[in-house]
Every structure is written in structure tokens, then in C-alpha cells.
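I opened this notebook to keep a record of what I looked up in one structure. The entries follow the order in which I consulted it.

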Amino acid sequence: MAHPPATRERPLSPHLQVYRWQITMVMSILHRATGIGLTVGAFGLAWWLLALAQGGNTADRAMHLVASPVGQVLLFLFSMALVYHLLNGIRHLMWDAGRGYDIPEVYKSGYAVAILTVVFTALIWVLALGGV
């Protein structure tokens, strides 16, 4: 005997619309997204290095792309992703060591990672552009 078709579609599992956004959720999503971004960026870095090694017009085009506004934005996002992923990775290592599991500590470390990501990325760019 066949079952009647469902009259309404239901989500198969809890969805983002069900949960209230929390820092822990955002940090987890960002950690995964920055990991993907760093992987893509590593391929871009390898392309750039190969272009420089080839020299001539290829190196000139690669340097032009990196110096363009789009290239600068991509470099900034790559550096921010790298800093965030590093700091959040350290946070995860602390958890692996059994520290910082209490909810207030989880929130403090999450906000610390977010704030330090902005501070360290800005510092890297200020120093790279010859400031300070």
C-alpha cells in the first residue's frame, strides 16, 4: 500500500532559521569559510609565484593584478582570513588541552579572536604599507 504524499515540506534537520545566531555559531561558520578561502588563496599564491618565476610579461601581468584594487582587496581578505584562522585555531588548541570550555570563556575567547583579527590584520597592513 502506497503512502499518501506529504502535504507540506519540512526541513530534514534543524536549519539556520530555527536557531538564534550566536558568536559560537558565527565563529564556526567563519572558521570553515576561511579554511576554504585560504585553500583557494594558496592556489592564487602558487600561480603568482610561478608567474614571477617565469619572468617577463607574465610576471608584469601578475604584479599588475596584485597591485590593482581588486588584487589589493583579495590580498587584504586573504590576510584577514589567515589571521582569523590562525587565532581561532589557537582557540581550538586550547579547547583540545581542556581549557576554556565554560560558556563565559567560550564567548570571551570568541570576541577576543574577532577583535584581535581586526587589530592584527590592520597592523600587518600598516607595517606592509610602510607606516608606523
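**Entry 1: helix H1**

I began with the buried residues of H1, which are Ile23, Met25, Met27, His31, Thr34, Leu38, Gly41 and Ala51. I took buried to mean under 20% relative accessible area, exposed over 50% and partly exposed in between, with a 1.4 Å probe and protein chains only. Helices (H or I, at least four residues) and strands (E, at least two) are DSSP runs numbered from the N terminus.

The model is predicted, so I note that local features need pLDDT of at least 70 and side-chain atom pairs count only at pLDDT 80 or more, while totals for chains, interfaces and linings use all residues. Residues are numbered from 1 along each chain as its sequence is written, and side-chain values use heavy atoms, with hydrogens and water left out.

I then asked which elements the buried residues of H1 pack against. They pack against H2, H3 and H4, where contact means heavy atoms within 4.5 Å.

I checked the length of H1 as well. Its 32 residues reach 45 Å from the first C-alpha to the last, close to the 46 Å expected at 1.5 Å a residue; the expected span is 1.5 Å times one less than the number of residues. Just after H1, Gly55 takes a positive phi of about 75°.

Leu49 is also found in helix H1. I recorded it as partly exposed, because its relative accessible area is 48%. Leu49 and Ala62 are 13 residues apart in sequence, and their C-alpha atoms are 8.9 Å apart in space.

**Entry 2: the chain as a whole**

I counted 4 helices and 0 strands in the chain, and from the N terminus on the elements run α-α-α-α. Of its 132 residues, 20% count as buried. Among contacts with a separation of 6 or more, 67% join residues 24 or more positions apart.

**Entry 3: helix H3 and Asn88**

The 28 residues should span 40 Å at 1.5 Å a residue, and the end C-alpha atoms are 40 Å apart, which agrees. The buried residues of H3 include Gly71, Ser79, Tyr84, Leu87, Arg91 and Trp95. The buried residues of H3 pack against H1, H2 and H4. Just after H3, Gly98 takes a positive phi of about 85°.

Is Asn88 buried or exposed? Asn88 counts as buried, because its relative accessibility is 1%. Its side chain makes a polar contact with the side chain of His31, at 3.1 Å. A polar contact is a pair of N or O atoms within 3.5 Å; within protein, one must be able to donate a hydrogen and the other to accept it, and residues adjacent in sequence count only if both atoms are side-chain atoms. Not counting residues up to four places away in sequence, Asn88 touches Met27, His31 and Val113.

**Entry 4: the pockets**

I turned to the open spaces. A pocket, on a 1 Å grid over the protein atoms alone, is an open set of points where a 1.4 Å probe fits, with protein on both sides within 12 Å along at least five of seven lines; lining residues have an atom within 4 Å of a point.

The largest pocket holds about 500 Å³ of space. It is lined by 17 residues, of which Gly41, Gly44, Leu74, Leu75 and Phe78 lie nearest its centre. Helix H1 (23-54), helix H2 (56-67) and helix H3 (69-96) are the elements that give two or more residues to this lining. H1 gives the most, with 8 residues.

The second largest pocket has a volume of about 150 Å³. Its lining includes Leu87, Arg91, Trp95, Arg99, Glu105 and Val113. H3 and helix H4 (103-128) each supply at least two residues of this lining, and the largest share, 5 residues, comes from H3.

Definitions and conventions. Points joined across faces, edges and corners; volume = space filled by probe spheres on them.
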